[in-house]
Amino acid sequence: MTQSYRFPPGFHWGAATSAYQIEGSPLADGAGPSIWERFAHTPGMMANGDTGDIACDHYHRYKDDVQLMRALGLQGYRFSIAWSRVLPEGTGRINQKGVDFYSRLVDELLENGIEPNATLFHWDLPAALDDRGGWLNRDIAHWFAEYANVMYKALDGRVKRWSTLNEPWVVTDGGYLHGALAPGHRSKYEAPIAAHNLMRASGAGIQAYRAVGKHEIGVVFNIEPKYPASNSPEDIAATRRAHAYMNEQFADPALLGSYPPELKEIFGPAWPDFPEDDFKLTQQKVDFVGLNYYTRAVVKHDPNAYPLKAVPVKQPNTTYTETGWEVYEQGFTDMFTWFKQRYGDIPLYVTENGSAFYDAPVAEGDVVQDPLRTSYLRKHLKAMHHAIEQGVNLKGYYAWSLLDNLEWSLGFAKRFGLYHVDFATQKRTPKATAKFYAQVIETNGAVL
Ligand SMILES: OC[C@@H]1[C@@H](O)[C@H](O)[C@@H](O)c2[nH]c(CCc3ccccc3)c[n+]21
């Protein structure tokens with residue numbers, strides 16, 4: 001009998017984006033600058049000098065983009081809110097025109113039968129708060145709760161699914177340890193403090209929601225399963241460190257109220273003794289957890305690798321995406337199994353999954369042929385189905401991304417979109433993967 005890949009009735013199918021990557025007009029209508037506005041305009045930080053000044057011009061084209069979502073039959077759309085549009089100084093004065101943009105977007109989605117899924121923070125911290133220490137200032141837990149309350153008040157009731165943070169690991173590792181992302185710091189002393197305050201702020205945002213919220217709130221983590229390059233004790237220990245550093249460092253304080261011991265091992269004296277009371281804030285009941293999966297890492301010990309003493313090992317005879325990520329759908333299944341084992345049967349959503357491959361430009365009205373991206377999607381949806389068959393409480397899937405967009409410091413060249421964007425003309429063109437995904441949604445997976 002052939003395997004059926006039909007998903008459970010009511011499985012939720014969507015697509016995801018984030019504010020700075022698609023909106024453009026970062027300073028329009030009274031918006032304040034974010035750290036990404038500053039970082040993108042700092043020479044040398046962005047591939048090809050690309051910035052989010054225009055991006056996909058979604059700030060003006062959102063109605064047309066909602067029609068693109070409708071054309072695919074999307075049931076949900078995951079977007080993020082630019083904190084500094086709403087609170088130009090990060091706290092205090094509200095910029096009503098900023099709030100109004102998101103209110104209009106939500107109404108447009110609802111009018112088209114698409115469920116809004118709002119992320120409060122997807123990396124674009126208000127610059128004014130960075131000037132006050134940003135994620136290094138413990139007060140940010142209160143600043144974030146103040147911002148969250150403004151948005152709950154404005155949108156709750158219409159927005160039924162909220163996330164506090166997108167991927168605190170990337171903010172910490174990219175923004176504070178290695179410096180490849182805003183705000184571009186390079187300090188193993190700052191990284192743990194930023195990481196901890198991110199989770200304190202997430203906890204404060206969830207606590208604030210419990211006082212006024214009518215629906216669901218959670219948090220979104222990127223997970224990259226780690227596999228040892230050999231059975232040597234060194235490689236196994238290196239893999240354990242890499243796993244704790246990326247996959248447990250943020251979910252543990254949120255869901256277990258503690259840190260894995262490997263973090264003290266990794267950071268040594270740079271790892272602060274956080275007050276026990278902090279975990280009463282970081283650990284809050286969540287209605288769901290969002291997991292972003294792209295790839296796995298095979299890990300070996302390397303005494304010179306700072307600070308993990310662990311490095312990834314490139315794998316032979318396999319496919320890598322344009323962002324250098326191995327196509328490894330077994331890791332998707334393994335991730336769910338690990339998560340349920342460690343944190344229990346928490347409702348899960350895949351809040352991001354996708355791949356960047358080179359897309360050849362097409363003639364007007366054609367469909368961009370992107371077989372590698374379609375293959376990636378098909379393999380990962382089947383792997384996700386296996387996880388559900390194994391009893392994982394998976395409620396939905398958001399493809400990354402609706403549109404080609406600004407891939408942060410990698411610029412516009414790395415294209416993850418279901419729709420191709422010609423950034424010179426802003427023309428959107430469906431890729432073959434978009435057509436395939438529309439069939440997946442229409443048949444609830446039976447077409448796989
Ligand atoms: O890189 C593709 C997407 C980004 O465009 C999203 O904004 C971000 O949420 C996101 N996270 C990941 C996986 C974590 C990661 C990000 C950057 C570098 C390495 C790993 C991939 N992506």
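Q: Are Trp83 and Phe121 buried or exposed?
A: This is a predicted model, where local features need pLDDT of at least 70, side-chain atom pairs count only at pLDDT 80 or more, and totals for chains, interfaces and linings use all residues. Residues are numbered from 1 along each chain as its sequence is written, and side-chain values use heavy atoms, with hydrogens and water left out. Buried means under 20% relative accessible area, exposed over 50%, partly exposed in between (1.4 Å probe, protein chains only). Trp83 is buried, and Phe121 is buried too.

Q: How many aromatic pairs does a search of the whole structure find?
A: A pair of aromatic rings is described by the distance of the centres and the angle of the planes. Rings of Phe, Tyr and Trp (its six-membered ring) pair if their centres lie within 6.5 Å; planes under 30 degrees apart are stacked, over 60 edge-to-face, the rest tilted. The search finds 41 pairs. One of them is edge-to-face: Phe11 and Trp13, at 4.8 Å centre to centre and 65° between the planes. Phe11 is buried, because its relative accessibility is 5%. Trp13, at 0%, is buried as well.

Q: Why is the pair of Trp83 and Phe121 edge-to-face?
A: Their planes stand at 90°, with the ring centres 6.4 Å apart, so the pair is edge-to-face. The pair links distant parts of the chain: Trp83 is in helix 4 (residues 83-86), and Phe121, 38 residues away, is in strand 3 (residues 115-121). Helices (H or I, at least four residues) and strands (E, at least two) are DSSP runs, numbered from the N terminus.

Q: Which ring does the charged end of Arg296 sit over?
A: A charge sits over a ring if NZ of Lys or CZ of Arg is within 6 Å of the ring centre and within 35 degrees of the ring normal. Arg296 sits over Tyr227, 5.2 Å from the ring centre. Lys314 lies over the face of Tyr320, at 3.6 Å from the ring centre.

Q: At what angle do helix 14 and helix 15 pack?
A: Axes are lines fitted to C-alpha atoms, for helices over the stretch in contact, and angles run from 0 to 180 degrees between N-to-C directions. Helix 14 (residues 330-343) and helix 15 (residues 371-389) pack at about 30°, with axes 8 Å apart. Helix 14 is therefore roughly parallel to helix 15. Angles under 35 degrees count as roughly parallel, over 145 as roughly antiparallel, 65 to 115 as roughly perpendicular and the rest as oblique.
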